[in-house]
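My entries follow in the order in which I looked things up.

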Amino acid sequence: MTHFKPLASGIALATTALLATTVQADDQTLDFGVPSWPGITVKTAIAEQLLNPLGYETSVQEIGLQVIYQGIESGDIDVFLGAWLPAQREMFNPRKESGVLIDVANNVDGAQMTLAVPEYLFDDGLQSFADLDDYRDQLGGEIHGFGAGSAASEILNNAIDNDTWGLGDWQLVDTSEVAMLSAARNAISREEPIVWVGWTPHWMNLELPMRYLEDPEDLFGENNGESDVLTLLRSVYAEANPNVVAFFEQFTFSAEEQSWMIQAFGQEERDLTEVAEQWINDHPERIEAMLADVTTTDGEPAWPVIEAELNN
């Protein structure tokens, strides 16, 4: 098996605060905003491993979701690979309307976010948001979320405030993704009732016996939380770099592929660079399609450069 070799500098993911500043980021550097989500982290690493050999300098800032949107607005962030819509519409819509950012592709086919329950609870009859209040006592009136400030948290807090589906006397237990899924796994091991915020792509769909609830009121969006995961580019950067736009227009994955990335990096805790490298090595035909009509910074066709790396 041949192996793709990333640049010697590797992928440096540093947790950093994005300070408010009037100084714009270097337009010669492609600055990624990355929340602490495994899927976005791996996709970003794959993008870096493909763009670096083409002559592009990249940097990664691991920061919170709201700060990423603020960074696109201030000029400190150029690209974000995790704009979940409609869940993030409150952050996305104003900046799209103002022209600060553009969305160039839905980079995950088959994404969804809504409430999830164990299969045994679904089989028992909890199959819809409309059934939740009938199970309030069993569930302790608690919905488990993955972090205050997330789009899902805002959606559920609004539902509680508005007593949607009778949730007015419920509580959102907002911890972290790890703590939420640990609670789900522990409850499932004891066959106890629990409801949590679930989504695909994610390793939970591969490892947990779970089902998604139906939501006729579309709290998480139409078609039971059907979602787009948009690639966002800062408009000024995109206008100056049409070749990068062409790359990201074709930089897409299936939900199953990203679930594997999340499992390998987030669950199995494999090395980030190795996970990204393996996906590239295993999918040369996909990489070739992603690089169609894309060039190096010197104007040469991109695919032969990457193909040579694959064959080393």
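By a nonpolar core I mean a set of buried Ala, Val, Leu, Ile, Met, Phe, Trp, Tyr and Cys residues joined through side-chain atoms within 4.5 Å, where buried means under 20% relative accessible area, exposed over 50%, and partly exposed in between (1.4 Å probe, protein chains only). The model is a predicted one, in which local features need pLDDT of at least 70 and side-chain atom pairs count only at pLDDT 80 or more, while totals for chains, interfaces and linings use all residues. Residues are numbered from 1 along each chain as its sequence is written, and side-chain values use heavy atoms, with hydrogens and water left out.

**Entry 1, the cores.** I looked up the largest nonpolar core and found that it has 56 residues, with Phe 32, Ile 46, Phe 248 and Phe 251 having the most contacts inside it. Its largest share, seven residues, is supplied by helix 1 (residues 38–51); helices (H or I, at least four residues) and strands (E, at least two) are DSSP runs, numbered from the N terminus. Apart from this core I noted another, of 47 residues, which includes Leu 115, Ile 143, Ala 152 and Ala 255.

I then checked helix 1, where 14 of its 14 residues are buried. Its 14 residues reach 20 Å from the first C-alpha to the last, close to the 20 Å expected at 1.5 Å a residue, the expected span being 1.5 Å times one less than the number of residues. For Ile 46 I listed contacts (heavy atoms within 4.5 Å), and, leaving aside residues up to four places away in sequence, Ile 46 touches Phe 251, Phe 253, Met 261, Ala 276, Trp 279 and Ile 280.

I found a cis peptide bond between Leu 85 and Pro 86, with omega about 15°, and placed Pro 86 in the loop between strand 4 (79–85) and helix 3 (89–98). The bond from Thr 200 to Pro 201 is also cis, with omega near 10°, and Pro 201 sits in the loop between strand 10 (196–200) and helix 8 (204–207).

Asn 224, although not a glycine, has a positive phi near 60°; Asn 224 belongs to helix 9 (residues 222–225) and counts as buried at 12% relative accessibility. I also noted Glu 269, another residue that is not a glycine, with a positive phi of about 60°. Glu 269 lies in the loop between helix 12 (255–267) and helix 13 (272–282), and is exposed, with a relative accessible area of 67%.
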